[in-house]
Amino acid sequence: ATLKAGKFEAAEKSLARLGTDRFDTLLLHNPDSVGYSSDAVWKNMESLKDAKLTARLGIAPGPANGFSLDIIQCFERFSGLVDEAMIILGPMEPWPGGYVLPAAQKNGVKLIARVVDYGGLFHDDVKPGHEFGHGDHRTFRPAGWVEAGNAKMDRMRNVAEKHNLTMIQLASIWNLSQPAVKSVIPTLIQETGADTKPIETKITELAKLPELKLSADECAHLLEIGNNKNCMP
């Protein structure tokens, strides 16, 4: 394709830094309301695909998980153009990201679930009394979240034990058992303290994720335990 000078400058600079000539997937990251709904924005996104700079297009909301209605609108308005999307989803944060699942399935959007580890708890080395490192973003979470989260995890362990899974494997498979979810991205952090897992161990656990889907009853059981509905305005 013949490119106008500067039209794809940002994308081309990223490709140059990566040492490749095309993205597998290019996601519109952390947009405001215009990014979800603008015909002009998505016409330009489509032009990147037409120029063979990316194989797929998608959207990745920012750090908060309150964008569900915007994402649904984007899927519906630009159906066929949005190939993938990244959402916050997990057995202890099923709300409000779960609202997106039917719309993704209807419009053929493949979902990437992130933060499935629930701030590291599902790696099973953040226990009550855990001291986070200086500047750790998780210190901004409400007081008592580690204790409350561990108590909920303990109620989920019977399902993990039934399938011979670690807790991060359980959280990942719960996600992959949901409609339209095709991949999971837990956060990998080397925790402070003596009784914490090395990053390499966490990666190995993910690499050994079995080909397994939980039953509808098991998914519902974990959802009941971890339901965070109305946890924010």
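Asp-124 is found in the loop between E4 and H6. Here E denotes a strand (a DSSP run of E, at least two residues) and H a helix (a DSSP run of H or I, at least four residues), each numbered from the N terminus. Asp-124 is partly exposed, with a relative accessible area of 23%. On this scale, buried means under 20% relative accessible area, exposed means over 50%, and partly exposed lies in between (1.4 Å probe, protein chains only). The phi angle of Asp-124 is near 70°, a positive value in a residue other than glycine.

The model is predicted: local features need pLDDT of at least 70, side-chain atom pairs count only at pLDDT 80 or more, and totals for chains, interfaces and linings use all residues. Residues are numbered from 1 along each chain as its sequence is written, and side-chain values use heavy atoms, with hydrogens and water left out.

## Overall architecture

The chain contains nine helices and five strands. Read from the N terminus, its elements follow the order α-β-α-α-β-α-β-α-β-α-α-β-α-α. Along the principal axes, the C-alpha trace spans about 55 × 35 × 35 Å. A compact globule of 233 residues would have a radius of gyration near 17 Å, and the value of 19 Å for the chain agrees with this. That radius is taken over C-alpha atoms, and the globule rule is 2.2 Å times the number of residues to the power 0.38.

Of the 233 residues, 47% count as buried. The chain exposes about 12,400 Å², of which carbon and sulfur atoms supply 53%; accessible areas come from the Shrake-Rupley method with a 1.4 Å probe, and for residues only the protein chains shown count as cover. Among the contacts (heavy atoms within 4.5 Å) with a separation of 6 or more, 74% come from residues 24 or more positions apart.

## Salt bridges

A search of the whole structure finds 13 salt bridges, each being a side-chain nitrogen of Lys or Arg within 4 Å of a carboxyl oxygen of Asp or Glu. One of them joins Lys-202 to Asp-125, with the closest N and O atoms 3.4 Å apart. Lys-202 lies in helix H8 (residues 199-207) and Asp-125 in the loop between strand E4 (110-114) and helix H6 (145-162), so the pair ties together parts that are 77 residues apart in sequence. Both Lys-202 and Asp-125 are buried.

Another salt bridge links Asp-154 and Arg-157, whose closest N and O atoms are 2.8 Å apart. Both residues lie in helix H6, three residues apart, about one turn of the helix. Asp-154 is partly exposed, at 48% relative accessible area. Together with Asp-124 and Lys-127, Asp-154 and Arg-157 form a network of salt bridges.

## Helix H9 and its partners

The side chains of Glu-218 and Lys-162 also meet in a salt bridge, 2.9 Å from N to O. Because Glu-218 lies in helix H9 (residues 216-226) and Lys-162 in helix H6, this pair ties together parts that are 56 residues apart in sequence. Glu-218 is buried, with a relative accessible area of 9%, whereas Lys-162 counts as exposed at 60%.

The buried residues of H9 are Glu-218, Cys-219, Leu-222, Ile-225 and Gly-226. These residues cover an arc of only 125° around the axis, which puts them on the same side of H9; the arc is that of the directions from the helix axis to the C-beta atoms. They pack against H6 and helix H7 (167-176). On the other side of H9, Ala-216, Asp-217 and Glu-224 are exposed.

## The surroundings of Lys-197

Lys-197 is found in the loop between strand E5 (181-185) and H8. Leaving aside residues up to four places away in sequence, Lys-197 touches His-123, Asp-124, Asp-125, Gln-190, Lys-202 and Glu-205. A polar contact of 2.6 Å joins the side chains of Lys-197 and Glu-205. Such a contact is a pair of N or O atoms within 3.5 Å; within protein, one must be able to donate a hydrogen and the other to accept it, and residues adjacent in sequence count only if both atoms are side-chain atoms.

## Further backbone features

Most residues other than glycine have a negative phi, and most peptide bonds are trans. Ala-180, in the loop between H7 and E5, has a positive phi of about 75° although it is not a glycine. Ala-180 is buried, with a relative accessible area of 11%.

A cis peptide bond joins Trp-95 and Pro-96, with omega about 0°. Pro-96 is placed in the loop between strand E3 (84-88) and helix H5 (100-106).
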